[in-house]
Amino acid sequence: MKYVIFDLDATVIDSSHRQICKPDGSLDLAEWKRNSTYPKVMADKLLPLANHWNRIQKLKNVFIAICTARVMSGADLDYLRIKGLKADEIMSRSETDHRPDAIMKKAKILAFLREHKITKWSNVTFYDDNKTVLQMLLDLGVNAKDSIKINQELTR
């Protein structure tokens, strides 16, 4: 079995129209939540990696998961359904989880690996845009792919 894990924002979904940054460049989470209305989520666009997701979900022996720092809402799930992106499992942030992305995702991915009894980590590919998350995954031995570079290459 091959396991492919996708982050959402800046990996398969362009939600930049909803992102407001603080003066220090970090995401303003309160503004993100205010901008996560159903109409605004539906205005998100797919990035080129979504085509890869769509292709591999038709293959046998491929397990697709999402690991996102988003608190997933009904609008997010509807968006994925409408766009035809299916996941076998979704790992996402809870409302009360305020850990940095890499720490939260490390806990999620380690639990995922244990739950699925994955001992051959080379069977896992994880697409993410966050440099800290990518380094954490590489440190764990997970095949981490930089979605920003891949999406740029796919748009050429």
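Which residues does Asn143 touch, not counting residues up to four places away in sequence? Let me begin there, with the reminder that we are looking at a predicted model.

The residues that Asn143 touches, with that sequence neighbourhood left out, are Trp121, Val124, Thr125 and Phe126. With Thr125 there is also a polar contact, side chain to side chain, at 3.3 Å. Asn143 itself belongs to strand β7, which covers residues 143-146. Is Asn143 buried, exposed or partly exposed? Its relative accessibility is 32%, so Asn143 counts as partly exposed.

I turn now to a pair of helices. Two packed helices are described by the distance between their axes and by the angle between them. For helix α5, residues 101-115, and helix α6, residues 131-140, the axes come within 9 Å and cross at roughly 35°. The crossing of α5 and α6 is right-handed. On the α5 side, the contact is made by Asp101, Ala102, Lys105, Lys106, Ile109 and Leu110. Helix α6 contributes Thr132, Val133, Met136, Leu137 and Leu140. Sorted by class, the contact of α5 with α6 comprises seven nonpolar residues, three charged and one polar.

My last topic is the aromatic residues. A pair of aromatic rings is described by the distance of the centres and the angle of the planes. The count for this model comes to five aromatic pairs, and I shall discuss two of them.

In the pair of Tyr3 and Phe63, the ring centres are 5.6 Å apart and the planes stand at 50°, so the pair is tilted. This pair links distant parts of the chain, since Tyr3 lies in strand β1, residues 2-6, and Phe63 in strand β4, residues 62-68, 60 residues apart. Tyr3 counts as buried, because its relative accessibility is 12%. Phe63 is likewise buried, with a relative accessible area of 16%.

Phe63 also pairs with Phe112: here the centres are 5.8 Å apart and the planes are at 50°, so this pair too is tilted. Again distant parts of the chain are linked, with Phe63 in strand β4 and Phe112 in helix α5, 49 residues apart. At 1% relative accessibility, Phe112 counts as buried.

Which residues do these ring pairs link into a cluster? They are Tyr3, Phe63 and Phe112. Thank you.

Terms used
Residues are numbered from 1 along each chain as its sequence is written. This is a predicted model: local features need pLDDT of at least 70, side-chain atom pairs count only at pLDDT 80 or more; totals for chains, interfaces and linings use all residues. Side-chain values use heavy atoms; hydrogens and water are left out. Helices (H or I, at least four residues) and strands (E, at least two) are DSSP runs, numbered from the N terminus. Buried means under 20% relative accessible area, exposed over 50%, partly exposed in between (1.4 Å probe, protein chains only). Contact means heavy atoms within 4.5 Å. A polar contact is a pair of N or O atoms within 3.5 Å; within protein, one must be able to donate a hydrogen and the other to accept it, and residues adjacent in sequence count only if both atoms are side-chain atoms. Axes are lines fitted to C-alpha atoms, for helices over the stretch in contact, and angles run from 0 to 180 degrees between N-to-C directions. A crossing is left-handed if the near helix is turned anticlockwise from the far one by less than a right angle, and right-handed if clockwise. Ala, Val, Leu, Ile, Met, Phe, Trp, Tyr, Cys and Pro count as nonpolar, Asp, Glu, Lys and Arg as charged, and the others, Gly among them, as polar. Rings of Phe, Tyr and Trp (its six-membered ring) pair if their centres lie within 6.5 Å; planes under 30 degrees apart count as stacked, over 60 as edge-to-face and the rest as tilted.
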